[in-house]
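Subject: Structure for you to look at

Hello,

Here is the structure I said I would pass on. My notes on it come after the model.

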Amino acid sequence: MRLLVLAGTEDGRELANALKHRGHEVLVSTLTPYGAELAQGQGLQTRWGAMDEEELINLLKSQDFAALVDATHPYALRVKEMAKKVCLDLKVPYRRWERSELKLPDHPLIHWAEDISGAAQLSANLGQRIMLTTGSNGLPEWVSHPLMQDKSLYVRVLPTSEVLMRCEKLGLKPSQIIAAQGPFSQEWDEAMFKQLKIEVVVAKESGKVGGTIEKVEACLNLNLPLVLLKRPVAEIASNQQTITEFINNLEVII
């Protein structure tokens, strides 16, 4: 069967590779050329670039896909909702692959927030020098938040010209921008937090693959408060399945 897999992360590529080895014809769609390059390195057929609703419709129609597998990042809500709507309209089966969640113990240094506004309020009360490791998409809300105006913000983002330009347009100085490609080790995180004299770290609960556990361990080791953005609730509990179980269930519908 021919399958469209929306994926730009390591676990998404792992799933696409498993589908290919199962005998399916797979096209991996990534947001960035770098994500496509990584997928190509695993022998996967790729296309890259953001798609709006019309572009996704045209892609699904033009190549007669049997199903769409959404393995995008857990926080990519806009893409998820668009893909679900398009598949419903076209009567193309949609299945969501959700990476496993981290089960973190209660700890006085770990604080949970529902959204960026809540995370900003928590962070503002915990320290002056705040490190954001939540990507570049939410930066406009962070930079404009009233509670952040007298804080020293530092951001760790992907080292692409587009992302760096976005940071600069928001008024972030080079000294505030750490442009680097993960995954990062606990030691790397600790060294960066110490070098910049960070007082609060903000992260997403991105699962084991997303490097969250390394950030948690680095913060606990340095006695730093960590604010974690809660993951959006998955409608399909694929995070309780292995890749093999997910593929078996997918093949039932196609």
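This is a predicted model: local features need pLDDT of at least 70, side-chain atom pairs count only at pLDDT 80 or more; totals for chains, interfaces and linings use all residues.

Residues are numbered from 1 along each chain as its sequence is written, and side-chain values use heavy atoms, with hydrogens and water left out.

Helix α3

Helices (H or I, at least four residues) and strands (E, at least two) are DSSP runs, numbered from the N terminus. Helix α3 spans residues 53-63, and L56, L59 and L60 in it are buried (under 20% relative accessible area; exposed is over 50% and partly exposed in between, with a 1.4 Å probe and protein chains only). These three cover an arc of only 95° around the axis, so they sit on the same side of α3; the arc is taken from the directions from the helix axis to the C-beta atoms. An α-helix has 3.6 residues a turn, so residues three or four places apart point the same way. E54, K61 and S62, on the other side of α3, are exposed.

The buried residues of α3 pack against β1 (2-6), β2 (25-30), β3 (45-48), β4 (67-70) and α4 (77-90), where contact means heavy atoms within 4.5 Å. At the N-terminal end, D52 caps α3, with a side-chain oxygen 3.2 Å from the backbone nitrogen of E54.

Largest nonpolar core

A nonpolar core is a set of buried Ala, Val, Leu, Ile, Met, Phe, Trp, Tyr and Cys residues joined through side-chain atoms within 4.5 Å. The largest one has 22 residues, of which L132, W142, V155 and C167 touch the most other members. Helix α5 (116-126) is among the elements that supply at least two residues, and α5 gives the most, with 4 residues. Beyond four places in sequence, C167 is in contact with L139, V155, V157, L172 and I177.

C219 lies in helix α9 (residues 212-222) and is buried, at 0% relative accessible area. C219 and L109 are 110 residues apart in sequence, yet their C-alpha atoms are 8.1 Å apart.

R231 lies in the loop between β11 and α10 (243-253) and counts as buried at 10% relative accessibility. The side chains of R231 and E205 are joined by a polar contact of 3.2 Å (a pair of N or O atoms within 3.5 Å; within protein, one must be able to donate a hydrogen and the other to accept it, and residues adjacent in sequence count only if both atoms are side-chain atoms).

Regards
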